[in-house]
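Subject: Structure for your review

Dear colleague,

Please find below the structure that I am handing over to you. After it I set out what was found.

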Amino acid sequence: MAATHNLKGEWLQALPEITSLNWSLQGDIKVLPWYMRLFSVDDWQTQPWHFSNLLTLSYELQKIPNSPQPQLDSQTDFLQQINAFLKDGNKSHQTILSSQRSHLQPITVFSYWLNQMWMHPIIDFSIPPQQVYRSLPAWELLENPAMIPNLQQQIVMIAPGGYNEAGISKDGEDNFHRDLPLAVKYWRNRESSQNKNRVITGGETHAFMAHHLLTRRLVVPIPDFWITAMAILVGKSLSILPIKRQKSIWKWLFIPTIITGVYGLVSLQVYISLAILLPGILPSTMVWLYFILPYFERNKNA
């Protein structure tokens, strides 16, 4: 079930007449555009956890023999039942809780104090949406119940589909339209040039996060500042190379060209193989600026 904070900081959860924490789980649906929601250092915090995290954990528990199942007559908190199960000799089972990247790291927690998000995994929208989820209107499922068996062993979310009133505290709250990721625009335009949809919903975002957790591919961005600082040092080092005549600069231009070219190829390979995202444009620009500007400055003063 979904849960979220209201404007007073209080939890808005499903009414007890609808569900009970003794046989259901409730997940925080808040989205941090466009960052993953991670497990805290203390995994066994009280409910609610993050919605996509619970989806992933629940899916993986279904594949573990004798794992806790919802029971309407249960008298104990369902999340604590899961806690007891994994602690009682079952922690060896590989679930999302075993993935280090799915947990908040100390350096990320420290960066929050500086209003930064260092090493916090991001949502990778470069994956085609059709490889992540399939949208199915509720009316289609209701009119064709034969489709229900095809949903077995899959994660199914019942979520708003982008209509204007979708939200809890206000209309449109579930529709994210500001700073829509360029990758999302690209895939939609590729699917149909007539697709003018400039909204991504909370359900779609949670689908991407659940996909990343299930595949254990969480893209970790390296802060621009770190690599840019290194690029400045490289560019400054190149600038002190002995270039005495203006025409000789052309034979030295291959040095920053090779360096930035190799860096670009390495960055691409690191992203593909290790899911680590290195900044590209700004560091490369700094290498060129610190290499070329001192040369022109020397010629100006000559």
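The chain exposes about 18,800 Å², of which carbon and sulfur atoms supply 60%; such accessible areas come from the Shrake-Rupley method with a 1.4 Å probe, and for residues only the protein chains shown count as cover. This is a predicted model, in which local features need pLDDT of at least 70 and side-chain atom pairs count only at pLDDT 80 or more, while totals for chains, interfaces and linings use all residues. Residues are numbered from 1 along each chain as its sequence is written, and side-chain values use heavy atoms, with hydrogens and water left out.

The chain has 10 helices and eight strands. These are DSSP runs numbered from the N terminus, helices being H or I with at least four residues and strands E with at least two. Of its 302 residues, 38% count as buried, meaning under 20% relative accessible area, with exposed set at over 50% and partly exposed in between (1.4 Å probe, protein chains only). Contact means heavy atoms within 4.5 Å. Among contacts between residues at least 6 apart in sequence, 67% join residues at least 24 apart.

I turn next to the aromatic rings. The structure holds eight aromatic pairs. Rings of Phe, Tyr and Trp (its six-membered ring) pair if their centres lie within 6.5 Å; planes under 30 degrees apart count as stacked, over 60 as edge-to-face and the rest as tilted.

The ring centres of Trp-34 and Phe-125 are 5.4 Å apart and their planes stand at 90°, so this pair is edge-to-face. It links distant parts of the chain, 91 residues apart: Trp-34 is in the loop between strand E3 (27-28) and strand E4 (49-50), and Phe-125 is in the loop between helix H3 (106-112) and helix H4 (138-143). Both residues are buried.

Phe-39 and Trp-49 also form an edge-to-face pair, with 5.4 Å from centre to centre and 85° between the planes. Because Phe-39 lies in the loop between E3 and E4 and Trp-49 in strand E4, this pair ties together parts that are 10 residues apart in sequence. Phe-39 counts as buried at 3% relative accessibility, and Trp-49 is buried at 2%.

One aromatic cluster is formed by Trp-34, Phe-125, Tyr-133, Phe-176 and Phe-208.

Finally, Ser-52 is placed in helix H1 (residues 51-61). Ser-52 is buried, with a relative accessible area of 1%. Leaving aside residues up to four places away in sequence, Ser-52 touches His-206, Met-209, Ala-210 and Leu-213.

With kind regards
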